[in-house]
Amino acid sequence: MADPAWVKAGLPLCLIGDSGTGKSHLLIGIGTAIAEAGMRVRYTTTANLVNELAEAADEKKLGRTLARYGRVDLLCQDEFGYLDLDKAGAKLLFQVFTEREERRAIAIASNAPFSEWKQTFTDPRLCAAIADRVTFNAHIVETGTDSFRFKKTQEKHRKS
């Protein structure tokens with residue numbers, strides 16, 4: 001994933017796994033490698049992105065904000081699926097995916113398996129459309145269920 005070919009092809013990346021399995025670290029590491037290869041990368045959490053889009057819409061600057069996110073080669077979106085989004089927030093996020101679809105790469109890290117995305121995106125059609133765009137021709141990496149942090153905490157307590 002450090003090779004920028006997938007980014008140049010505009011392909012998505014989905015990192016799926018439970019909390020503590022290294023998704024954010026992988027997302028940041030991959031983003032850093034792509035940036036070091038000379039490409040433009042932006043990292044954000046889903047909540048921050050939706051909040052920024054909502055504020056831009058309120059200030060009549062949504063088009064400009066969407067265009068800014070559309071120009072980066074790789075958009076890294078962390079904590080995807082952690083928060084339930086209202087319909088307006090989900091629609092704003094959908095616009096980002098649509099703007100980037102098959103032209104610019106997007107990478108997401110989610111602790112929710114695809115089957116649980118309907119809890120984040122409560123509109124079934126919108127959920128299906130977002131999942132469709134994020135997974136089409138995607139690299140899907142499952143990071144597992146065993147928390148690295150929990151394991152380290154257990155090891156620390158055993159040594160004490």
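Before starting, one definition: an axis is a line fitted to C-alpha atoms, for helices over the stretch in contact, and angles run from 0 to 180 degrees between N-to-C directions. Please keep in mind that this is a predicted model.

**Exercise 1.** Describe how helix α4 and helix α5 cross.

Solution. Start by finding α4 at residues 62-71 and α5 at residues 87-100. Their axes come within 9 Å, and the crossing angle is roughly 45°. Angles under 35 degrees count as roughly parallel and 65 to 115 as roughly perpendicular; α4 is therefore oblique to α5.

**Exercise 2.** Work out which residues make the contact between α4 and α5, and sort them by class.

Solution. On the α4 side, look for L62, L66, Y69 and G70. On the α5 side, look for L92, Q95, V96, E99 and R100. Sorting them gives 5 nonpolar, 2 polar and 2 charged residues.

**Exercise 3.** Explore the largest nonpolar core.

Solution. Count its members to reach 26 residues. Within this core, F80, L93, W117 and F121 have the most contacts. Next, see which elements supply two or more residues: among them are β1 (13-17), α3 (46-58), β3 (74-80) and α7 (124-135). The top contributor is α5, with 5 residues.

Now zoom in on F121. Setting aside neighbours within four places in sequence, F121 touches F80, L85, A90, L93, C127 and I130. Finally, another core lies apart from this one; it has 13 residues, including V7, I30, M39 and A107.

Key: Residues are numbered from 1 along each chain as its sequence is written. This is a predicted model: local features need pLDDT of at least 70, side-chain atom pairs count only at pLDDT 80 or more; totals for chains, interfaces and linings use all residues. Side-chain values use heavy atoms; hydrogens and water are left out. Helices (H or I, at least four residues) and strands (E, at least two) are DSSP runs, numbered from the N terminus. Angles under 35 degrees count as roughly parallel, over 145 as roughly antiparallel, 65 to 115 as roughly perpendicular and the rest as oblique. Contact means heavy atoms within 4.5 Å. Ala, Val, Leu, Ile, Met, Phe, Trp, Tyr, Cys and Pro count as nonpolar, Asp, Glu, Lys and Arg as charged, and the others, Gly among them, as polar. A nonpolar core is a set of buried Ala, Val, Leu, Ile, Met, Phe, Trp, Tyr and Cys residues joined through side-chain atoms within 4.5 Å. Buried means under 20% relative accessible area, exposed over 50%, partly exposed in between (1.4 Å probe, protein chains only).
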